[in-house]
Amino acid sequence: MSKHHIGVQMKVQDGNEKAYLEWLADDAPVLAKVFGRVGIHSKTVLMNGSHIIAHYGADTPTAVGEAFQTPEAVAMLTGRLGALLDPSFAPIFYGEELRWTKAVPGPLQRAAIALDLKPGQEANYLDWVRNRAKAQFNDLWGRFDIGTKEVLVSGSNVISFYEIRDPSRILPSFGEPEAIAAMQSDLGAMLDIAADKPPAFFSEAFHWHD
């Protein structure tokens with residue numbers, strides 16, 4: 001079982017979405033060998049248009065960085081993969097700050113939401129995630145058949161990652177009493193959300209595990 005979970009956000013050049021998925025399928029055997037050496041046990045790719053979130057489960061928090069340094073990965077980034085990625089978008093690495101799990105029957109799907117924090121709210125948000133989030137949302141997550149809920153953070157960038165029976169229930173969950181109460185109190189003051197700037201929803205496009 002993975003002890004650490006890491007997120008990496010990237011972007012392919014517009015129009016390269018299908019080619020990126022083809023690269024993933026073609027190079028999965030090579031990636032599996034690299035992951036085995038560095039202690040990565042799962043990789044999920046989630047997409048919103050040309051934007052990508054890669055979510056990893058690993059033995060150590062440094063495993064993804066080590067994988068990127070292997071000869072195979074360097075060859076990919078200087079070859080076919082590198083030609084697909086948008087060079088103007090620097091990869092963002094996220095560390096796990098919260099993980100909540102519940103046994104949920106049936107096959108689970110994976111999805112994610114990308115959020116931004118208001119300037120200066122980074123420390124307040126980390127305090128909320130580490131000390132109050134589970135107490136506020138435990139019942140809600142359980143009602144919506146969520147098997148795994150993670151929060152991964154990189155500065156003012158946040159990823160909410162889900163393993164859930166029905167991803168279409170994620171956004172409606174924010175209309176539940178617990179979510180409304182949180183948004184009307186401490187959480188709402190931290191998130192940079194507006195009617196013309198909704199959170200980006202990412203759907204599962206690829207999943208591998210050992």
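## Helix α6 and its surroundings

Let's start where α6 ends: the helix is followed by Asp 145, whose phi is positive, near 55°. Please keep in mind that this is a predicted model.

Helix α6 itself covers residues 133-143, and its buried residues are Ala 133, Phe 137, Leu 140, Trp 141 and Gly 142. As a reminder, an α-helix has 3.6 residues a turn, so residues three or four places apart point the same way. Which elements cover the buried residues of α6? Among the helices there are α5 (122-131), α7 (170-173) and α8 (177-184), while the strands include β4 (92-101) and β6 (146-154).

## The chain as a whole

Stepping back, the protein chain contains 8 helices and 8 strands. Its radius of gyration is 17 Å, close to the 17 Å that the globule rule gives for 210 residues, so the chain is as compact as a globular protein of that length. The C-alpha trace spans about 50 × 35 × 30 Å along its principal axes.

Of the 210 residues, 45% are buried. If you count contacts with a separation of 6 or more, 80% of them join residues 24 or more positions apart.

Ile 6 sits in strand β1, residues 4-11. Is Ile 6 buried or exposed? Its relative accessible area is 6%, under the 20% cut-off, so Ile 6 counts as buried.

Leaving out residues up to four places away in sequence, Ile 6 touches Ala 54, His 55, Tyr 56, Ala 58, Thr 60, Pro 61, Val 64, Tyr 94 and Leu 152.

## The enclosed space

Rolling a probe the size of a water molecule over the atoms shows where empty space is left. Here the count comes to 1 cavity of 30 Å³ or more, and the largest cavity has a volume of about 190 Å³.

What lines the largest cavity? The lining has 15 residues, and Leu 31, Lys 43, Tyr 56, Phe 68 and Leu 81 lie nearest the centre. By class, 13 are nonpolar, 1 is polar and 1 is charged. Helices α1 (17-38), α2 (63-68) and α3 (71-77) each supply at least two lining residues, and α1 gives the most, with 5 residues.

How values were computed. Residues are numbered from 1 along each chain as its sequence is written. This is a predicted model: local features need pLDDT of at least 70, side-chain atom pairs count only at pLDDT 80 or more; totals for chains, interfaces and linings use all residues. Side-chain values use heavy atoms; hydrogens and water are left out. On a 1 Å grid over the protein atoms alone, a cavity is a set of points where a 1.4 Å probe fits but cannot get out, and a pocket is an open set with protein on both sides within 12 Å along at least five of seven lines; lining residues have an atom within 4 Å of a point. Grid points are joined across faces, edges and corners, and a volume is the space filled by probe spheres set on the points. Helices (H or I, at least four residues) and strands (E, at least two) are DSSP runs, numbered from the N terminus. Ala, Val, Leu, Ile, Met, Phe, Trp, Tyr, Cys and Pro count as nonpolar, Asp, Glu, Lys and Arg as charged, and the others, Gly among them, as polar. The radius of gyration is taken over C-alpha atoms; the globule rule is 2.2 Å times the number of residues to the power 0.38. Buried means under 20% relative accessible area, exposed over 50%, partly exposed in between (1.4 Å probe, protein chains only). Contact means heavy atoms within 4.5 Å.
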